Amino acid sequence: MLKTFKLGGVHPAENKLSANKAIEKLALPKSVFIPVAQHIGAPAQALVKKGDQVKVGQLIAKSGGFVSANIHSSVSGKIKKVDLSMDSSGYPKQGFYIDVEDDEWEDGIDTSSELVENFEADSKTIIDKINAAGVVGLGGATFPTHVKLMPPQGMKAEVLLINGVECEPYLTSDHRVMLEKAEELLVGIRLLMCALQVNKAHIGIENNKPDAINHLNKLTASDSAIDVVPLKVKYPQGGEKQLIKAVTGREVPSGALPISVGAVVSNVGTALAVYDAVQKNKPLVERVVTVTGKSVAKPSNLLVRIGTPVQDLIDAAGGLPEDTGKVISGGPMMGKAISTTDIPVTKGTSGILILPKKEANREQMKNCIRCTRCVTVCPMGLEPYFLMTVSDKQIWEKAEGNNIMDCIECGSCSYTCPADRPLLDYIRLGKGKVGNIIRNRKN
Amino acid sequence: MSKLLTISPSPHVHTSDSVNKIMYRVLLALVPALAWSFFMFGFEAIRVTLIAVAACVAFEYLIQKFIMKEIPQITDGSAALTGILLAFNVPASLPTWMIIVGALVAIGVGKLSFGGLGNNPFNPALVGRVFLLISFPVHMTSWPVTQHAAVDALTTATPLALLKEGVKAGQPVSEIMTALPSNLNLLYGNMSGSLGEISAMFLLLGFGYMLWKKVITWHIPVFVLGTIFVFQGALWMLNPENFIEPLFHLLTGGAMLGAIFMATDMVTSPMTVKGQLIFGVGIGVITVLIRNFGAYPEGISFAILIMNGFTPLINAYIKPKRFGGTK
């Protein structure tokens with residue numbers, strides 16, 4: 001029996017169209033827009049101004065606090081302006097417009113593809129380098145990685161979990177990284193283990209990627225500290241709490257962080273960025289992005305510089321299909337629909353998914369027939385139908401009392417509702433309100 | 001940008017399941033038992049079913065359009081389903097006008113007066129049936145002889161009614177049993193009774209189909225039937241001369257129809273497995289109590305309606321196991 005999490009879960013059509021497409025390096029863009037806020041936490045503070053010349057890997061905005069991250073230029077060229085532009089959230093964000101000239105890298109960055117395996121086993125050095133390189137969680141949450149590596153007082157990490165689940169349909173960037181960058185990935189995992197001072201790491205991979213499981217199994221055969229855990233295909237297994245439950249059987253208590261059960265979870269892409277940061281001295285200036293969709297001519301996995309316009313990626317995959325209805329930054333379950341392809345790739349962009357018109361629109365909502373499917377599939381054991389009702393009627397104390405803040409917004413409820421009810425829309429609304437109420441109470 | 005893109009919050013994909021599909025699959029699951037009733041009761045069964053379905057759909061359309069002033073939702077299949085279930089719950093000899101009155105009560109009072117699909121606290125078909133049973137007790141308890149019976153009569157009694165009369169007259173169960181059909185006959189449905197309840201086998205076939213298509217889960221039917229079996233079994237072991245063996249109660253009356261198709265009505269049953277356990281056990285216990293100690297020979301309709309009434313309370317207090325919760 002394959003391991004998986006117990007409560008709830010759904011199995012949407014996997015549609016991994018780009019699974020066997022090798023990672024291709026995208027040509028340098030003509031210009032980029034690099035926002036100062038690409039992570040959870042405080043925005044970074046600008047260090048360069050209009051007219052400045054910058055090199056690839058140069059620090060252009062400094063971390064704005066403990067929970068924040070450095071921002072580096074991903075190209076060489078001239079700062080055209082520092083201004084607002086929209087990102088995938090749909091809100092205007094401060095950032096740097098840079099016109100690309102050549103490809104000149106900062107000194108001291110190793111841009112070769114040579115594998116560097118040995119490192120100095122010092123936790124603080126590793127964490128400092130990760131911090132300096134602006135590494136954040138590349139699975140989509142973009143939580144600054146160095147913060148995760150420094151558990152709060154009195155808490156100790158016991159085990160590192162590497163998230164190679166990629167449970168979102170369509171997306172394949174982590175899958176390709178595990179196949180093509182496995183050696184680097186494993187060095188990155190060892191670095192993370194050293195930083196956390198743990199002696200065990202598990203790589204959780206869903207069973208729909210047998211090639212990645214076999215490949216990593218072979219490479220870790222001689223290393224008893226790292227093992228591969230094949231998991232049953234079930235969404236949202238890539239959710240932090242679900243992955244911890246699936247692999248270790250431990251259940252993160254309501255409202256607590258994973259570290260409270262001794263676990264730290266890091267995405268495959270993040271571990272690779274850690275390798276680059278520590279072993280190659282290379283800041284986070286590029287990432288692998290899946291560009292996919294049923295009508296897309298050439299579904300691809302592209303290695304792109306941060307700040308590249310999404311339109312460039314779509315052009316590389318054969319252009320925007322005629323029947324396009326919706327473009328999504330991320331996967332179909334949790335990604336954000338974007339209103340224009342004139343937005344930049346940021347650190348959290350795991351994929352660009354293009355849905356045809358006939359899949360873009362929602363059906364008319366019908367009455368709830370209490371079929372119990374939303375309750376059955378909720379991985380947090382909540383009652384989405386009830387949370388929707390109390391959010392709609394603004395009965396916030398009932399929403400809070402029924403654990404609305406535990407919702408991880410995986411969308412399994414809305415996905416599965418036969419009456420096409422927008423359960424998660426209402427629950428998000430309720431979460432926002434209840435979150436405000438809780439914060440105000442504390443003040 | 002030449003194209004206008006659609007914007008909406010996640011998730012952006014949706015299951016192919018829908019309310020209509022659920023309703024039509026339940027209808028399909030009823031087909032074997034329906035075919036059996038046509039075989040057993042002939043034209044009369046066809047008449048009752050057609051009238052019930054047509055009346056339910058028509059009342060739904062008329063009330064939604066002219067009284068509620070909404071767009072009629074008759075294509076969702078729920079009114080047709082109520083019609084079939086109502087037909088299943090009445091004798092095949094019921095006069096046409098009574099069926100129409102039953103349909104009006106089921107759809108008008110049982111369902112639309114509460115706001116339509118999803119808002120009704122009680123199973124609409126059972127509201128219709130119980131209204132008919134109380135209003136027209138003679139017609140609702142005169143059972144036509146099946147086409148293939150070897151007796152020369154127009155009406156007959158159901159096995160449950162025979163049992164009840166026997167016990168009332170003070171006969172020991174072992175003696176009454178000689179006049180009752182064998183369990184094998186009960187299983188495939190060679191007995192008299194309401195139109196759709198007689199064949200346990202074909203109802204179970206529909207249950208299997210619904211499980212396969214994941215329309216319902218096994219919980220409620222198993223809890224209801226399991227409780228009837230265990231409770232009746234306990235009574236039987238205590239006093240086999242007063243109480244019949246439990247399998248008889250599973251195969252007679254509306255036990256199968258009620259447990260598989262009526263108690264599992266999504267709108268009126270609890271949302272959690274624990275809640276469904278309370279619900280199912282409640283139905284089982286009340287059914288056995290009414291059958292053995294009540295005035296009516298059959299009680300599962302009342303049992304389901306009573307537990308329907310408890311469903312909002314169960315939903316309010318029985319919560320699913322929360323992830324990372326203390327309980």
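Me: How does helix 14 of chain B pass helix 15 of chain B: in a left-handed or a right-handed crossing?

Reply: Start with the rule: a crossing is left-handed if the near helix is turned anticlockwise from the far one by less than a right angle, and right-handed if clockwise. Here, helix 14 of chain B passes helix 15 of chain B in a right-handed crossing. Keep in mind that this is a predicted model, where local features need pLDDT of at least 70, side-chain atom pairs count only at pLDDT 80 or more, and totals for chains, interfaces and linings use all residues. Residues are numbered from 1 along each chain as its sequence is written, while chains are lettered from A and ligands numbered from 1 in the order in which they are written.

Me: What counts as a helix, and at what angle do helix 14 and helix 15 of chain B pack?

Reply: Helices (H or I, at least four residues) and strands (E, at least two) are DSSP runs, numbered from the N terminus. For the angle, axes are lines fitted to C-alpha atoms, for helices over the stretch in contact, and angles run from 0 to 180 degrees between N-to-C directions. In chain B, helix 14 covers residues 273–293 and helix 15 covers residues 300–317; their axes lie 9 Å apart at an angle of about 150°. That makes helix 14 of chain B roughly antiparallel to helix 15 of chain B. The cut-offs are under 35 degrees for roughly parallel, over 145 for roughly antiparallel, 65 to 115 for roughly perpendicular, and oblique for the rest.

Me: Which residues in helix 14 of chain B meet helix 15 of chain B?

Reply: Two residues are in contact if their C-beta atoms, placed from the backbone, lie within 7 Å. Helix 14 of chain B brings residues including B:Gly275, B:Phe279 and B:Ile286, and helix 15 of chain B brings residues including B:Phe302, B:Met307 and B:Phe310. The residues of this contact divide into 13 nonpolar, five polar and no charged. In that scheme Ala, Val, Leu, Ile, Met, Phe, Trp, Tyr, Cys and Pro count as nonpolar, Asp, Glu, Lys and Arg as charged, and the others, Gly among them, as polar.

Me: At what angle do helix 1 and helix 3 of chain B pack?

Reply: Helix 1 (residues 19–41) and helix 3 (residues 78–88) of chain B pack at about 25°, their axes 9 Å apart. So helix 1 of chain B is roughly parallel to helix 3 of chain B. The crossing of these two helices of chain B is left-handed. B:Met23, B:Val26, B:Leu27 and B:Leu30 of helix 1 make the contact with B:Ser78, B:Ala80, B:Leu81 and B:Ile84 of helix 3. By class, the contact of helix 1 with helix 3 of chain B has seven nonpolar residues, one polar and no charged.

Me: How many residues of chain B are in contact with chain A?

Reply: 31 residues of chain B are in contact with 52 residues of chain A. The chain B side of this contact holds 14 nonpolar, 13 polar and four charged residues.

Me: What does the radius of gyration say about chain A?

Reply: The radius of gyration is taken over C-alpha atoms, and the globule rule is 2.2 Å times the number of residues to the power 0.38. With 443 residues, a compact globule would come near 22 Å, and the 21 Å of chain A agrees. Chain A has 14 helices and 17 strands, and its C-alpha atoms fill a box of roughly 65 × 50 × 50 Å along the principal axes. Buried residues make up 56% of the 443 in chain A. A residue is buried if 20 or more other C-beta atoms lie within 10 Å of its own, exposed if 12 or fewer, and partly exposed in between, with C-beta atoms placed from the backbone.
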